[in-house]
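These are my notebook entries on one structure, set down in the order in which I looked things up. The structure itself comes first.

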Amino acid sequence: MTSLPDRRAPGELRPGDIVQLTDPKGRPHTITLTPGRSFHTHKGGINHDDLLAAGEGSVVMSTNGTGYVVLRSRLEDFTLGMPRGAAVIYPKDAARIVNTTNLAAGSRVVEAGAGSGALTAHLLTAVGDQGHVRSIERRADFAEIASDNVRSWFGHLPPSWELQVGDFQDANLESKDFDACVLDMLAPWECIEAAAWALRPGGVLVAYVATTTQLSRIGEALREHGGWTEPRAEESMVRTWHLEGLSVRPDHRMVAHTGFLLITRRLAPGAVLPARRTRPAKGAYGEDYTPAGT
Ligand SMILES: C[S@@+](CC[C@H](N)C(=O)[O-])C[C@H]1O[C@@H](n2cnc3c(N)ncnc32)[C@H](O)[C@@H]1O
């Protein structure tokens with residue numbers, strides 16, 4: 001029901017828990033435990049009450065004798081399977097975002113757009129009940145999907161969450177003390193001024209973009225704005241491996257590309273970044289470019 005570690009007896013399952021039943025072929029089926037209900041496939045049925053009684057980590061037999069492994073879903077399982085409006089941030093990128101923004105219990109973070117709420121759930125988990133997550137989404141229908149997904153995952157709408165429908169540029173954020181800002185949208189360069197307003201000095205801005213052209217544009221727009229440290233670009237790739245006896249090799253298929261992260265930090269008001277000592281790479285700005293001061 002919640003991603004936050006909660007105190008329960010070892011293996012205890014509770015009504016409302018989101019659970020994965022994995023069949024002998026390794027296919028997961030996700031259900032929400034509801035007393036009186038049953039789960040059905042062509043391999044027979046299982047009563048939710050039997051799952052509640054058996055507990056997490058057990059193997060429960062369906063009516064036709066197929067064994068299913070019973071495990072509570074992790075946030076990464078949930079976000080990959082949950083209903084989507086907009087494309088979601090993959091768990092590998094969400095984990096990196098939480099890490100690079102240095103989020104911890106009590107942190108304050110603002111994100112736009114909320115999309116389907118996948119990143120939102122990771123942010124809420126990281127900042128905990130003492131923290132604050134402000135999510136801004138321009139599309140009301142997507143905001144509703146995000147809200148439903150967050151409620152499904154946590155079992156309620158966390159009090160640390162505020163969801164606002166509208167454009168981030170017009171969000172009218174009342175404070176400048178956010179520790180982090182995450183922009184996951186087509187045109188993050190339109191939001192630089194709003195992000196600069198929202199962040200405290202040293203606060204971390206992450207822009208998540210899908211293409212190199214977006215990456216170039218947001219990087220140059222940040223440099224031009226001047227209120228930021230030198231931007232850094234990266235991507236994360238996770239390659240799964242086939243692991244069986246001596247047949248140990250990378251899997252043939254992988255999610256090869258999701259997006260790039262552009263990471264920068266807010267300078268204090270009035271601070272000016274020292275001039276770069278390194279010359280731009282040849283051709284980086286086209287043939288007509290003359291470095292400043294020459
Ligand atoms: C790729 S989705 C975000 C997915 C989300 N991070 C997740 O993990 O589920 C991009 C969203 O940004 C929203 N959007 C685009 N520009 C925006 C803006 N300026 N302010 C607020 N939301 C915006 C879009 O409506 C869309 O829902």
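Entry 1, helix 4. I looked up how far helix 4 is covered, and found it mostly covered, with 10 of its 10 residues buried. I count a residue as buried if 20 or more other C-beta atoms lie within 10 Å of its own, as exposed if 12 or fewer do, and as partly exposed in between, with C-beta atoms placed from the backbone. The buried residues of helix 4 include Ala 118, His 122 and Val 127. Just after helix 4, I noted that Gly 128 takes a positive phi of about 65°. Helices (H or I, at least four residues) and strands (E, at least two) are DSSP runs, numbered from the N terminus.

I am working from a predicted model, in which local features need pLDDT of at least 70 and side-chain atom pairs count only at pLDDT 80 or more, while totals for chains, interfaces and linings use all residues. Residues are numbered from 1 along each chain as its sequence is written.

I recorded seven helices and 15 strands in the chain. Buried residues make up 34% of its 294 residues. The C-alpha atoms fill a box of roughly 80 × 50 × 30 Å, taken along the principal axes. An automatic or database domain assignment supplies the domain bounds; it divides the chain into domain 1 (18-73) and domain 2 (77-265). The C-alpha centres of domain 1 and domain 2 lie 33 Å apart.

In which order do the strands of the open sheet of seven strands run? I read the order as 9-8-7-10-11-15-12, with mixed pairing; two strands pair if DSSP finds at least two bridges between them. Strand 9 (161-165) and strand 12 (232-234) stand at the edges with a single partner strand each, so one side of each has no neighbour in the sheet. From one strand to the next, the twist averages 15°. Strand 7 (residues 108-112) and strand 10 (residues 178-184) pair in the parallel sense over four bridges. In this part of the sheet, Ala 112 stands opposite Leu 183 in strand 10.

Axes are lines fitted to C-alpha atoms, for helices over the stretch in contact, and angles run from 0 to 180 degrees between N-to-C directions. Helix 7 (residues 212-225) lies across strand 11 (199-209), strand 12 and strand 15 (260-265), running at about 5° to strand 15.

Which residues come nearest to the ligand? Of the 23 residues around the ligand, I noted Ala 86, Gly 113, Gly 115, Ala 118 and Met 185 as nearest; a residue is near if its C-beta atom, placed from the backbone, lies within 6 Å. Helix 4 (118-127) and strand 8 (132-137) are the elements that give two or more residues to this shell.

Asp 50 lies in helix 1 (residues 48-54). Asp 50 is partly exposed, with 16 other C-beta atoms within 10 Å. Arg 253 lies in the loop between strand 14 (247-250) and strand 15. Is Arg 253 buried or exposed? I found Arg 253 exposed, because 8 other C-beta atoms lie within 10 Å.

Technical notes: Two residues are in contact if their C-beta atoms, placed from the backbone, lie within 7 Å.
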